[in-house]
Amino acid sequence: MAKKILVIGSSGQIGTELVEGLRARFGNDNVVASDIKEPQVKMDGPFAMVDAMDRRGIERIIEKYGINEVYLLAALLSATAEKDPAFAWKLNMESLFIVLELAREGKLKKVYWPSSIAVFGPTTPKQGTPQHTIAEPSTVYGISKQAGEQWCAYYHKRYGVDVRSIRYPGLIGWKSTPGGGTTDYAVHIFHEALKSGTYTSFLDRGTQLPMMYMPDAIRATIDLMEAPAEKVKERTGYNLAGFSFAPEDIAAEIRRHLPAFKLSFAPDHRQAIANSWPQSIDDSAARADWGWRPQYDLKGMVEDMVLNLRRTVGQG
Ligand code: AKB
């Protein structure tokens, strides 16, 4: 049966790049993008307006295009979710239940749902955080991701639903802008460095967090979904590591390209969220089970970001 993919939440930071990656691999017409917002960039291929909590609307798209795989990306991220915990829980959970139920009813063959390092909390070992460890999240986003992971594992075990997930670290890319995360500073810093030569970080000096360059994250996501089912042994979410850095480390790398760049610090409410998360991740399960390997380190990521943003926004 031909692969027909629906990406729900396609206009966000991951969705923008994932749709492009999926279309490059499986063909423009085989990947339907959908969101409640228009796409961030011009896209070649079908787009449908739909709310991730509208089961009938999603079913109509599945029927219209003969969809058999869904990537559900719609969610409130860590910082935004703290402003409206009840809505964050509703959106993050209801949308997941809709796709898990559609898969249980046999209307979908495979489901992808993103998890996050936010499943971990202050009591988790901070360095080399293992795949299986204490996970007591302190944010509503983290609680929703942790509960969602358990629901994914439950639907897999109880109903045989083929659902797969990655615990993304902070993601950095130049093609799309992030919205509402604690790690967003690591994207904003590039835009401000090129525009004004200065940036005030909302995370303090020394705040080390796990991060990844978007091309690695997109490749990992598609590779996990394409892996033979028997290789996908973790049905909660896979730990995935790229590299870790603090704001002053990324600033030092940016200065190799923009020597006058100045960084200052004004930590805000997001600092407490960052402090509760791991500083580095052990991703040996993903490496062993389905062959994950990152391609970018901090230096390579910064080089590529500066090159592409200079070309696309034309400053610096
Ligand atoms: C966030 O900061 O909320 C996200 C994440 C790590 O899941 N980027």
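Me: Which domains give residues to the lining of the largest pocket?
Reply: In this predicted model, domain 1 (5-169) and domain 2 (171-211 + 242-313) both contribute lining residues, so the largest pocket lies between them.

Me: What volume does the largest pocket have, and which residues are closest to its centre?
Reply: Its volume is about 790 Å³, and of the 42 residues lining the largest pocket, those closest to the centre are L73, A75, L76, L77 and G179.

Me: Which elements give two or more residues to that lining?
Reply: They are α1 (13-26), α3 (78-83), α4 (85-104), β6 (115-116), α5 (140-159) and β9 (170-172), with α1 giving the largest share, 3 residues.

Me: And how does the lining of the largest pocket split by class?
Reply: There are 21 nonpolar, 16 polar and 5 charged residues in the lining of the largest pocket.

Me: Moving on, which residues line the second largest pocket?
Reply: The second largest pocket, with a volume of about 160 Å³, is lined by T16, V19, E20, R23, N28, V41, K42, M43, D44 and K175; by class, its lining has 5 charged, 3 nonpolar and 2 polar residues.

Me: Change of topic: where does D268 lie?
Reply: D268 is in the loop that runs between β14 (262-265) and α9 (270-275), and D268 counts as partly exposed because its relative accessible area is 27%, which falls between the 20% and 50% cut-offs.

Me: Which side chain does D268 join in a polar contact?
Reply: The side chain of D268 makes a polar contact of 2.6 Å with that of R270, while D268 and S201, 67 residues apart in sequence, are 9.2 Å apart in space, C-alpha to C-alpha.

How values were computed. Residues are numbered from 1 along each chain as its sequence is written. This is a predicted model: local features need pLDDT of at least 70, side-chain atom pairs count only at pLDDT 80 or more; totals for chains, interfaces and linings use all residues. Side-chain values use heavy atoms; hydrogens and water are left out. On a 1 Å grid over the protein atoms alone, a cavity is a set of points where a 1.4 Å probe fits but cannot get out, and a pocket is an open set with protein on both sides within 12 Å along at least five of seven lines; lining residues have an atom within 4 Å of a point. Grid points are joined across faces, edges and corners, and a volume is the space filled by probe spheres set on the points. Helices (H or I, at least four residues) and strands (E, at least two) are DSSP runs, numbered from the N terminus. Ala, Val, Leu, Ile, Met, Phe, Trp, Tyr, Cys and Pro count as nonpolar, Asp, Glu, Lys and Arg as charged, and the others, Gly among them, as polar. Domain bounds come from an automatic or database domain assignment. Buried means under 20% relative accessible area, exposed over 50%, partly exposed in between (1.4 Å probe, protein chains only). A polar contact is a pair of N or O atoms within 3.5 Å; within protein, one must be able to donate a hydrogen and the other to accept it, and residues adjacent in sequence count only if both atoms are side-chain atoms.
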